[in-house]
There are 2 protein chains.
Amino acid sequence: MSRPDEARAHFDPAAGWPPPFLLYLGNAHDDLAAKTARGLAFWRPEWCVGQFRDADCRTTLGLADMDFAQARAAGVNTMIVGVANAGGRMDPRTVAHVVAALDAGMNVASGLHERLGSHPEITAAAQRNGRVLFDAREPPRTPVGTGARRAGRRLLTVGTDCSVGKMYTTLALERELHRRGVRADFRATGQTGIFIAGRGVPIDAVVADFISGGVEWVSPARLDDGWELIEGQGSLYHPSYAGVSLGLLHGAQPDALVLCHEPGRPHMRALPHFPLPDLRECLEANLRAARLTNPDVQAVGVALNTSRLAPAAAGRACREVEDLLGLPAQDPVTMGMDRIVDRLLSCFGG
Amino acid sequence: MSRPDEARAHFDPAAGWPPPFLLYLGNAHDDLAAKTARGLAFWRPEWCVGQFRDADCRTTLGLADMDFAQARAAGVNTMIVGVANAGGRMDPRTVAHVVAALDAGMNVASGLHERLGSHPEITAAAQRNGRVLFDAREPPRTPVGTGARRAGRRLLTVGTDCSVGKMYTTLALERELHRRGVRADFRATGQTGIFIAGRGVPIDAVVADFISGGVEWVSPARLDDGWELIEGQGSLYHPSYAGVSLGLLHGAQPDALVLCHEPGRPHMRALPHFPLPDLRECLEANLRAARLTNPDVQAVGVALNTSRLAPAAAGRACREVEDLLGLPAQDPVTMGMDRIVDRLLSCFGG
């Protein structure tokens with residue numbers, strides 16, 4: 001686990017939504033609905049002092065349950081709306097809770113597509129309490145991409161599908177590189193990653209012409225010998241979101257790719273009519289597309305999400321992928337990333 | 001040329017910015033800056049009664065020069081801001097002209113990234129005159145794409161680069177199909193195409209997650225035997241915009257592709273450090289990516305923009321491409337699309 005001071009160093013002090021956090025779960029009906037809160041609690045436990053759950057909530061993060069006054073009394077500075085509803089909308093109950101949190105003296109940050117500021121009662125509550133609202137899905141204005149080579153070394157996680165563990169993998173790579181004393185910085189491209197890093201670009205929310213430009217902006221030229229570790233999104237094989245994945249690939253101009261996959265997934269996420277791509281074909285397609293902005297790109301490993309497999313089956317799945325692709329394969333959560341980092345450093349030098 | 005009544009049939013009567021049009025050129029310094037106005041005047045001459053040029057304007061469409069009062073007296077209903085500045089911004093002089101056009105009694109439509117409604121003086125002028133503002137770059141809210149197969153036959157134009165003639169090609173294909181009595185509808189994905197068709201989706205302006213969904217929306221299931229002719233954008237080989245092109249390809253789920261190219265172009269548009277892709281490689285990459293949502297996709301022709309070549313050289317360029325790819329090659333403006341339509345109909349039936 002990263003040390004609190006190291007993690008805190010990532011947080012943009014100008015962000016206006018400082019930790020510690022209360023994680024708002026509302027009426028999240030399952031673990032998936034609380035994905036953002038769960039990721040934040042897993043990767044930044046030192047920032048998360050409690051959770052707020054409403055009557056119908058059916059999940060928990062294992063944190064202390066608190067109401068808004070209790071959270072403020074416990075020193076919370078910001079409530080994070082860490083739930084995802086269908087369509088990214090805020091229901092009236094959530095709006096009322098956000099107002100109550102502001103009235104209790106906390107800032108509020110949200111990862112939903114719908115903006116906090118689109119609700120006049122929320123804006124009014126923020127103003128009367130002198131609190132700050134932050135929408136992680138509100139993209140910065142960036143230039144369009146140029147594809148011009150920039151200094152520094154970059155790794156990008158790519159996937160066979162959405163939600164296969166690209167963010168966890170990228171953060172686990174950062175942790176392993178830090179453990180070895182190698183400079184490396186996680187660059188967030190999604191709302192959960194932005195909450196974890198304290199900054200980033202919500203690449204699925206930028207205007208389409210600015211996808212690669214947004215990635216060039218979030219990972220600019222780097223003059224030390226450290227690694228930029230860029231969080232991937234979606235998949236070149238997901239027909240809803242492949243455009244985002246391709247713009248990300250071109251903007252990242254990665255030196256190294258790590259392919260992320262969940263063995264045994266029956267079909268592309270939310271699309272029962274689409275099978276998963278073949279692993280080798282998917283890796284080749286990513287390498288081919290990446291060469292447009294970095295002809296020297298190399299694959300250095302495969303990260304498998306084996307959370308649905310028994311340990312013996314997880315080990316077998318890794319060995320099968322290693323035999324198939326000739327790359328180290330590990331689960332970032334249960335096995336760590338040491339062998340993939342070994343490969344990365346042997347390919348590119350320590 | 002399409003007959004006026006046929007063209008008018010495409011115009012969405014609910015659009016609020018009806019023809020006839022005054023084309024605003026402002027101080028456009030070259031032909032490229034007036035690209036939108038030029039495309040509209042070329043494809044819908046029956047809608048375009050005049051042009052407005054300011055003192056420093058260095059281009060002309062060959063239309064009658066008019067001020068705002070003259071245009072209104074000539075029956076103009078809508079002024080089209082058909083210029084593109086760097087960054088898509090409106091300078092103060094343009095803002096003043098838009099206000100004057102509204103005060104003269106015209107609606108105003110713009111293809112710039114910057115919205116008409118973002119200028120309070122423009123909004124006020126529209127309100128006091130009861131006129132309508134239309135931003136072609138304001139995208140409709142659509143669902144995300146699903147990749148689910150939908151009824152109908154679709155053709156998409158793809159390109160080696162931006163600005164190689166994808167819109168002209170798509171419109172020329174529509175004209176040739178209509179000439180033969182085949183039902184076909186141009187589906188616009190850019191601001192100029194939207195002005196020409198009276199509707200469409202500005203695909204470079206949608207939120208990144210909605211690229212393929214926007215294309216599914218603009219070309220929904222079609223139950224007659226007509227063709228959907230979808231205007232392509234960008235190129236899989238343009239590092240600034242390839243994400244848009246890939247989302248468009250997946251959302252269009254094309255049965256047929258026409259590859260568009262300008263022979264002799266020295267480098268990718270605006271990027272001197274990027275060479276043009278190899279034609280065969282570019283076509284293969286588009287076919288490979290298109291198969292994700294339509295495994296039966298076929299290439300039916302190559303449209304060459306030979307506007308910088310002498311006629312003999314243009315003919316040679318077409319023959320070279322035909323020999324290379326085994327597909328008919330024509331310039332949509334100077335040669336028409338008859339041979340490509342022959343191939344299309346022989347591949348897919350009349």
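## Basis of the report

UniProt positions are given here in the numbering used for this structure, with feature names shortened, and such annotations may be inferred rather than shown by experiment. This is a predicted model, in which local features need pLDDT of at least 70 and side-chain atom pairs count only at pLDDT 80 or more, while totals for chains, interfaces and linings use all residues. Residues are numbered from 1 along each chain as its sequence is written, chains are lettered from A and ligands numbered from 1 in the order in which they are written, and side-chain values use heavy atoms, with hydrogens and water left out.

## The annotated span

An unreviewed UniProt entry carries the annotation "domain: D-glutamate N-acetyltransferase-like C-terminal", which covers residues 145-341 of chain A. This span is 36% helix and 15% strand, and its end C-alpha atoms lie 29 Å apart. Helices (H or I, at least four residues) and strands (E, at least two) are DSSP runs, numbered from the N terminus.

## How the two chains meet

Of the area that chain B buries against chain A, Ala208(B), Asp209(B) and Leu292(B) supply 20%, more than any other three residues.

## Symmetry

Chain B is superposed on chain A by a rotation of 180° with 0.0 Å of shift along its axis (RMSD 0.0 Å), using least squares on the C-alpha atoms of residues with pLDDT of at least 70 in both. That is the relation of a two-fold axis. The same surface serves both copies, since 100% of the contact residues of chain B recur in chain A.

## Salt bridges

A salt bridge is a side-chain nitrogen of Lys or Arg within 4 Å of a carboxyl oxygen of Asp or Glu.

In chain A, the side chains of Asp185(A) and Arg222(A) form a salt bridge at 2.9 Å, N to O. Asp185(A) lies in strand β7 (residues 184-187) and Arg222(A) in the loop between α8 (211-218) and β8 (227-230) of chain A, so the pair ties together parts that are 37 residues apart in sequence.

## Backbone details

Most residues other than glycine have a negative phi, and most peptide bonds are trans. The peptide bond from Pro19(A) to Pro20(A), however, is cis, with omega near 0°, and Pro20(A) is found in the loop between α1 (4-10) and β1 (21-26) of chain A. Gln253(A), in the loop between α9 (242-252) and β9 (256-261) of chain A, has a positive phi, near 35°.

Terms used. Buried area = accessible area lost by both parts, 1.4 Å probe. Contact = heavy atoms within 4.5 Å.
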